[in-house]
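Here's a quick look at how two chains meet and what sits inside them. Have the viewer open while you read.

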Amino acid sequence: MLENDEHKEEEKNLTESEIEVLLAEVEVIWDLIGNDSFCSYKVKTKTQQFCRNEYNITGLCNRSSCPLANSQYATVREEKGLCYLYMKVIERAAFPARMWEKVKLDRNYAKALEQIDENLIYWPRFIRHKCKQRLTKITQYLIRIRKLTLKRQRKLVLLSRKVERREKRREEKALIAAQLENAIEKELLDRLKQGTYGDIYNFPIHAFDKAMEKQEEETESEEEEDEEEPVTREFVADDGFEESDLSDFEDMNNLKGSSDEEEEAEEESSEEEESEEELEEEKTKAQSKGKAPLKGPIRKKRAYVEMEYEQETEPAQKSKAT
Amino acid sequence: MDSNEATTSESVSKKRGKTKKVKRKVKPDEAPVQEMDQAEGEETEKKSVSGPCFPPTFSVSEIKNKQRRHAMFLKLKEEKRKQKLELKKKKKKERKALGDQAPPKEVPKTIENQRIYDETTVNPEDEEVAFDEGTDEFSAYFSRLTNPKVLITTSDRPRGRTVRFCEQLATVIPHAHVYYRRGLALKRVIPQCVSRGFTYVMVINEDRKVPNGLVLCHLPDGPTAHFKVSNVRLRKEMKRRGKDPTEHVPEVILNNFSTRLGHSIGRLFAALFPHDPQFVGRQVATFHNQRDFIFFRFHRYIFKNEKKVGIQELGPRFTLKLRSLQKGTFDSKFGEYEWVHKRHEMDSSRRKFHL
């Protein structure tokens, strides 16, 4: 800043002719970089031309907004939350290192506006207005930043692709190893055996067996004959048990009293399955009858045949004897 | 003679012909005598020769031509497979011959078998564990003083999938309420929940329109668990699913939670559901831990007879992986972490699991 003041005294000594020369140079500059020519700061889009120069006040590429093609120019810029006013005058056009004068603006918005008016007194209306507009926008976004930092912010956690892939593969393998459905079924059956369901389901055959065994142990040996009868009775109970299962499910339907369609549907389907099972079992029974128990009637037939043979051979022998 | 037989065999199987050509060209690499043996072996198809014999110093990678190399490699594999089969047959014969004296069948190694024994594995009769569990934050629940009441919410601005997931979770967990998170800080939400009598807060974090994280916080200053959620399947994406779950309280199955940490997580899940399951509903929620992945499933079961049960999957399914367990309620900065998953330390061994 001190340097600027010293050199200002020198600058004020510029003659009018020198100023005219400088102005002419500026015209040349706009011809060179202006409307359709090349400028390294220019960004062209379909409808608009933008200027990427940091000192540009509006951001558009215009004759009045170009910091290179205007000898007298001013901008407001923000650094680390503080606003500065930059000014460029024709007297310093020859000294690029000191071209821009930097004035720190007050943090208070109203005071900063006054400061701009002070510094840019007698400057063209356009530049003054645009500087103030820019200051407004800057203060607004600074306020927003401060507000957002107080709120919760999303923390982005970086994913490592390799790790994600590895985890995914391990999860697949763990799923296969888990055999979930088997595990769940096993657990449910264990719970049924332990009796956590109480008396809801009426097919505790094993419990019945255990109870019968206990009774056998308790009674004396005299009752062994009687014990045999219940043993055979158990077999009979097994055979007729599928039918009783069906009736149990029907009873359960009545007990529950709920008209859950899917429960009924499930039970119907289970009944169907059971009836299918029954059919299958009957078929297997029929087949087994074809194999082993059928030996009963077949045996009779065979015995029949054997009897015939014996009869035939005996008279033959008798005849031979005589 | 050889060529004629070669052509006939070619017509039979292309591969054999190819290999024969390969062998002929490979002549300079291998000893001619052996090559003749190989040719004879193949033509006569005697099993005793067991295919081509490679000299011990030969390696398939030395052949420069890719097709020939590939063909040779395939033959090598075939040979190895045959040897393996023969070995198996031999062993089986020996077993039969020995009969009862045969040594017991070897159990194949699985990851679960080879798991490094964790010191914190809970012994069922351990008194210390029992005492701890009697006095920890869940003791109120397990001694039936409190009933669970769950608040389900999401991270900011949830997308459709997450919202539907929350709704389905609310049907699965009884006494669950879904609330839209309107940019509220969790630290402020939690005291409000406590005052309204909630016992659990469940926050489902979302990333790119898909739920990927779950924070489960037990309320009256209970532990907070942070999980990674994956493989979320909503109800309409499930195959062969049943109808929607009813309002009955489901049963809970917790499988394979063996260590202390696993136990505490298991209790965390158990306390989500009310105590007395309504067996009338025949619904069961399963949390199955396998290799540190917790699989959640929701089924309806039916007992066909005392040895058979049919299950039908309703409800959403997802997998969880524990990332951290914190002692108090949710506090990411100053919280006291009981367990944090540290990738470099804990993922170094494939046989070490923590739950």
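Predicted model: local features only at pLDDT ≥ 70, side-chain atom pairs only at ≥ 80, totals over all residues.

Contact here means heavy atoms within 4.5 Å. By that rule, and skipping neighbours within four places in sequence, Ile152(B) touches Cys166(B), Leu169(B), Ala170(B), Ala176(B), His177(B), Val178(B), Tyr179(B), Met202(B) and Ile204(B).

Residues are numbered from 1 along each chain as its sequence is written, chains are lettered from A in the order written, and side-chain values use heavy atoms, leaving out hydrogens and water.

Now the interface. Some 45 residues of chain B are in contact with 42 of chain A. Together the two chains bury about 4,100 Å², 56% of it on carbon and sulfur atoms; that's accessible area (1.4 Å probe) lost on being put together, summed over both parts. Phe303(B), Lys304(B) and Glu306(B) supply 18% of what chain B buries against chain A, more than any other three residues.

| Link across the interface | Number found |
|---|---|
| Salt bridges (Lys or Arg side-chain nitrogen within 4 Å of an Asp or Glu carboxyl oxygen) | 4 salt bridges |
| Polar contacts (N or O atoms within 3.5 Å, one able to donate a hydrogen and the other to accept it; sequence-adjacent residues count only if both atoms are side-chain atoms) | 7 residue pairs, both at pLDDT 80 or more |

Arg166(A) forms a salt bridge with Asp347(B), the closest N and O atoms being 3.9 Å apart.
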